[in-house]
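Subject: Structure handover

Hello,

Here is the structure for you to look through. Please open it first, then read my notes below.

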Amino acid sequence: MSSVYDSENLVARVNYAATAITQMGAQTQDPKEPGEIEVAEADAEVVILHFVPEAWVNDYAIVVDPGGECAWTVARKLFLKKFSSEDDWNECHQVRDDMRFEGTAPAWVRAWTGPFEVELADDPASVWPAFDEGESR
């Protein structure tokens, strides 16, 4: 069974979306000002999140079939503002759950009333790069 995390299709769609966002920003820029284009590209950096819908069965939350697409993107800048480290991501459950209202989250994800989990689809090492000892963020 393939996971949505390794899905080449998901990665291709996210890369396509990020490229489209970058190109839209680049189209409105004066080609004589490359600094502004670089800023538009940096703003287009995203983090991929995944929604896991659940239902209560005999007092246990079990995974159920989704009502649509489960992956969405959130601006990396916003994500890192809320979760400055992987520990923050793992410990701040309510803030993590509230990420379903951010970015390009599908309408069905935003409206879900049952139990659920929000997971990071990206590799944590790509989101929070390792720092050398003694180096500050």
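Is Trp89 buried or exposed? Trp89 is buried, with a relative accessible area of 6%. Buried means under 20% relative accessible area, exposed means over 50%, and partly exposed lies in between (1.4 Å probe, protein chains only).

Some ground rules before the rest. This is a predicted model, in which local features need pLDDT of at least 70, side-chain atom pairs count only at pLDDT 80 or more, and totals for chains, interfaces and linings use all residues. Residues are numbered from 1 along each chain as its sequence is written, and side-chain values use heavy atoms, with hydrogens and water left out.

**Overall layout**

The protein chain has 7 helices and 4 strands. Helices (H or I, at least four residues) and strands (E, at least two) are DSSP runs, numbered from the N terminus. Along the sequence, the pattern reads α-α-β-β-β-α-α-α-α-β-α. The protein chain has 137 residues, and 31% of them count as buried.

Start with β1, which covers residues 46-57. Strands β1 and β3 pair in the antiparallel sense, over 5 bridges. Two strands pair if DSSP finds at least two bridges between them. Val46 has Ala75 in β3 as its bridge partner. Strand β3 (residues 71-75) is mostly covered, with 4 of its 5 residues buried.

β1 also pairs with β4, again in the antiparallel sense and over 5 bridges. Here Val52 has Glu117 in β4 as its bridge partner. Strand β4 has two faces to look at. Phe116, Val118 and Leu120 make up the covered face. Glu117 and Glu119 make up the uncovered one.

Now find Ile48, in strand β1. Ile48 counts as buried, at 9% relative accessibility. Ile48 and Glu119 are 71 residues apart in sequence, yet their C-alpha atoms are 8.9 Å apart in space.

**Aromatic rings**

How many aromatic pairs does a search of the whole structure find? The search finds 8. Rings of Phe, Tyr and Trp (its six-membered ring) pair if their centres lie within 6.5 Å; planes under 30 degrees apart count as stacked, over 60 as edge-to-face and the rest as tilted.

Take Phe51 and Trp112. Their ring centres are 6.2 Å apart and their planes sit at 75 degrees, so this pair is edge-to-face. Phe51 lies in strand β1 and Trp112 in the loop between α6 and β4, so the pair ties together parts that are 61 residues apart in sequence. Phe51 is buried, at 0% relative accessibility. Trp112 is partly exposed, at 22%.

Phe79 and Trp89 make a tilted pair, with 5.3 Å from centre to centre and 45 degrees between the planes. Phe79 is buried, at 0% relative accessibility.

Phe51, Trp108, Trp112 and Phe116 form one aromatic cluster. Trp89 has a charged neighbour too: Arg96 lies over the face of its ring, at 5.6 Å from the ring centre. A charge sits over a ring if NZ of Lys or CZ of Arg is within 6 Å of the ring centre and within 35 degrees of the ring normal.

**Salt bridges**

The whole structure holds 2 salt bridges. Each needs a side-chain nitrogen of Lys or Arg within 4 Å of a carboxyl oxygen of Asp or Glu.

One joins Glu45 to Arg76, with the closest N and O atoms 4.0 Å apart. Glu45 is in the loop between α2 and β1, while Arg76 is in helix α3 (residues 76-82). They are 31 residues apart. Glu45 is partly exposed, at 41% relative accessibility.

Lys82 and Glu102 form a salt bridge as well, at 3.9 Å from N to O. Lys82 is in helix α3, and Glu102 is in the loop between α5 (93-98) and α6 (107-111), 20 residues away. Both are partly exposed: Lys82 at 33% relative accessibility, and Glu102 at 24%.

Those are my notes on the model.

Best wishes
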